[in-house]
Amino acid sequence: MVLKIAHEWFKGQNKDKSFIYGYLWKVSKEMPKWRRIIQEESTTKRTKLSNSGAYTSSSNQDTEGETISKEERPEGQKKAKARIKGSGKSAAPTPLSNQPSQNMVMYHEALSMKAKTARDKKYKTYLKLLAVDTSNFNEKEKK
């Protein structure tokens with residue numbers, strides 16, 4: 001019933017277009033990121049028993065031997081970026097923060113070698129231009 005109501009609501013909000021991603025929803029609804037976090041320790045709720053004003057407190061009790069477990073959600077995009085930058089609430093040090101990976105070291109070495117090669121090539125071109133005799137050049141050729 002809930003799914004049917006959700007489809008009707010979607011159709012009303014989107015100019016009578018049907019929801020076509022049902023197959024994706026079926027896959028993603030079981031992923032930990034999209035499940036609700038059920039905490040074992042819940043707050044006690046008071047319910048009124050009668051008109052006299054008597055209350056009873058009930059906690060979230062398991063029924064028929066069910067166990068409720070607290071499930072950890074995967075880290076979100078903003079939290080991951082904050083962790084990488086070293087800011088935010090959960091700025092835990094990572095093993096890679098102190099020592100860069102071998103791939104990153106090789107990448108930076110390759111970039112520096114490429115930059116050095118480009119500088120050398122420009123310098124050689126500059127030296128060739130200095131060696132050219134420009135006394136016979138007109139203004140256009142000099143530019």
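Visitor: Where is Lys 15 placed?

Guide: Lys 15 sits in the loop between H1 and H2 of this predicted model.

Visitor: Why is Lys 15 called exposed?

Guide: Its relative accessibility is 75%. Exposed means over 50%, so Lys 15 counts as exposed.

Visitor: What is the phi of Lys 15?

Guide: Phi of Lys 15 is about 55°, a positive value, although Lys 15 is not a glycine.

Visitor: Which value does phi of Asp 16 take?

Guide: Asp 16, also a residue other than glycine, has a positive phi near 60°. Asp 16 lies in the loop between H1 and H2.

Visitor: Why does Asp 16 count as exposed?

Guide: The relative accessibility of Asp 16 is 62%. The cut-off for exposed is over 50%, and Asp 16 therefore counts as exposed.

Visitor: Which residues make the nonpolar surface patch?

Guide: The patch is made by Leu 3, Phe 19, Ile 20, Tyr 21, Tyr 23, Leu 24 and Trp 25, and its area is about 720 Å².

Visitor: Which helix gives the largest share of the nonpolar patch?

Guide: Helix H2, residues 22–28, gives the largest share, with three residues. Leu 3, one of the patch residues, is placed in helix H1, which spans residues 2–13.

Visitor: Why is Leu 3 called partly exposed?

Guide: Leu 3 has a relative accessibility of 40%. Buried means under 20% and exposed means over 50%, with partly exposed in between. Leu 3 therefore counts as partly exposed.

Conventions:
Residues numbered from 1 in each chain as written. Predicted model: local features only at pLDDT ≥ 70, side-chain atom pairs only at ≥ 80, totals over all residues. Heavy atoms only, no water. Patch = residues over 30% accessible without salt bridge, like charges linked within 9 Å, V, L, I, M, F, W, Y side chains within 5 Å. Areas by Shrake-Rupley, 256 points an atom, 1.4 Å probe, with all protein chains shown as cover. Salt bridge = Lys/Arg side-chain N within 4 Å of Asp/Glu carboxyl O. Helix = DSSP H or I, 4+ residues; strand = E, 2+ residues; numbered from the N terminus. Buried < 20%, exposed > 50% of the residue type's maximum accessible area, 1.4 Å probe, protein only.
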